[in-house]
Amino acid sequence: MQPYGNDDVVSPRNIVILKVRVANPTASTRELADILAEDYGIELSHNRISEILREMAEDGLYRETVIPDQSIFNHYLFRVSFYYPNFAEQWEDCYWALRDDPHVLMFFNADSEYHWQFITQFRTNDRMQRWIHNFFKEFGEFISGFHNTVLHQVHKFQTDAEVFDEMLRESEEGREYLAENES
């Protein structure tokens, strides 16, 4: 897998395909082909669209993720700062434990006192508290600070397809696709 970075070039056509997929997550590739032809003037077979989406996923451009509704889980934001004398010995074990933990929905670095932050999901507060207890039993010597916040109401957790319009405006071909869509 080759993740896309700022220097990697994604064709405007593929950005449009990804935009249409995001806007229509349950549509078949046949339906996507119809939308692409009608709204953007992109004529591709549904098989080719499927190939392009698979290639972009394999290249790390996007991931397909199922996010359960907030009525199933309680969500929490955890923030961790490091105890640096034990960093070299313990950071990697803790990192992989968090990456592989089924309760961790999103795990990211932050530029603050709390260097790792992650959003978790648990059925109950009791299960979350037991998880924290076990986390400290295993990695407490690595942690200098830990803060948790209950996310009572998650009002939005999605990528809107319109965010890709900014990328499309960066090239002439992309602007042409946007103009086709507006007409």
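Buried, in this talk, means under 20% relative accessible area. Keep that cut-off in mind. One more point before we start: this is a predicted model.

Let's take strand 1, residues 74-82. How many of its nine residues are buried? Eight are, so strand 1 is largely enclosed by the rest of the structure. Now its partners. Strand 1 pairs with strand 3, residues 116-122, in the antiparallel sense, over seven bridges. Phenylalanine 78 stands opposite phenylalanine 118 of strand 3. Strand 4, residues 143-151, is also joined to strand 1. That pair runs antiparallel too, with eight bridges. Here valine 80 has phenylalanine 146 of strand 4 as its bridge partner.

Next, helix 5, residues 125-139. Asparagine 125 belongs to this helix. Is asparagine 125 buried or partly exposed? Its relative accessibility is 40%, so it counts as partly exposed. Beyond its neighbours within four places in sequence, asparagine 125 contacts Asn74 and Tyr76. Glycine 145 is 20 residues from asparagine 125 along the chain, and their C-alpha atoms are separated by 20 Å.

On to helix 2, residues 29-40. First, a geometry check. The helix has 12 residues, and at 1.5 Å a residue they should span 16 Å. The expected span is 1.5 Å times one less than the number of residues. The end C-alpha atoms of helix 2 are 15 Å apart, which agrees.

Which residues of helix 2 are buried? They are Thr29, Leu32, Ala33, Leu36 and Tyr40. These cover an arc of only 105° around the axis, so they sit on the same side of helix 2. Turn to the face pointing away from that buried side. There we find the exposed residues Arg30, Asp34 and Glu38. And what covers the buried residues? The cover includes helix 1 (12-23), helix 3 (46-58) and helix 7 (172-182). Just after helix 2 comes glycine 41, with a positive phi of about 70°.

Setting aside residues up to four places away in sequence, leucine 32 touches Val20, Arg21, Asn24, Ala27, Ile49 and Leu53. Leucine 32 and serine 45 are 13 residues apart in sequence, and 9.5 Å apart in space, C-alpha to C-alpha.

The largest nonpolar core has 21 residues. Which of them touch the most other members? Val16, Ile17, Leu36, Tyr40, Ile49, Leu53 and Met56 do. Helix 1, helix 2, helix 3, helix 6 (163-168) and helix 7 each supply at least two residues of this core. Helix 1 gives the most, with five residues.

To recap. Strand 1 pairs antiparallel with strand 3, and strand 4 joins strand 1 in an antiparallel run as well. Helix 2 has its buried residues on the same side, with Arg30, Asp34 and Glu38 exposed on the face turned away. Leu36 and Tyr40 are among the residues that touch the most other members of the largest nonpolar core.

Note on methods:
Residues are numbered from 1 along each chain as its sequence is written. This is a predicted model: local features need pLDDT of at least 70, side-chain atom pairs count only at pLDDT 80 or more; totals for chains, interfaces and linings use all residues. Side-chain values use heavy atoms; hydrogens and water are left out. Helices (H or I, at least four residues) and strands (E, at least two) are DSSP runs, numbered from the N terminus. Buried means under 20% relative accessible area, exposed over 50%, partly exposed in between (1.4 Å probe, protein chains only). The arc is that of the directions from the helix axis to the C-beta atoms. Contact means heavy atoms within 4.5 Å. A nonpolar core is a set of buried Ala, Val, Leu, Ile, Met, Phe, Trp, Tyr and Cys residues joined through side-chain atoms within 4.5 Å. Two strands pair if DSSP finds at least two bridges between them.
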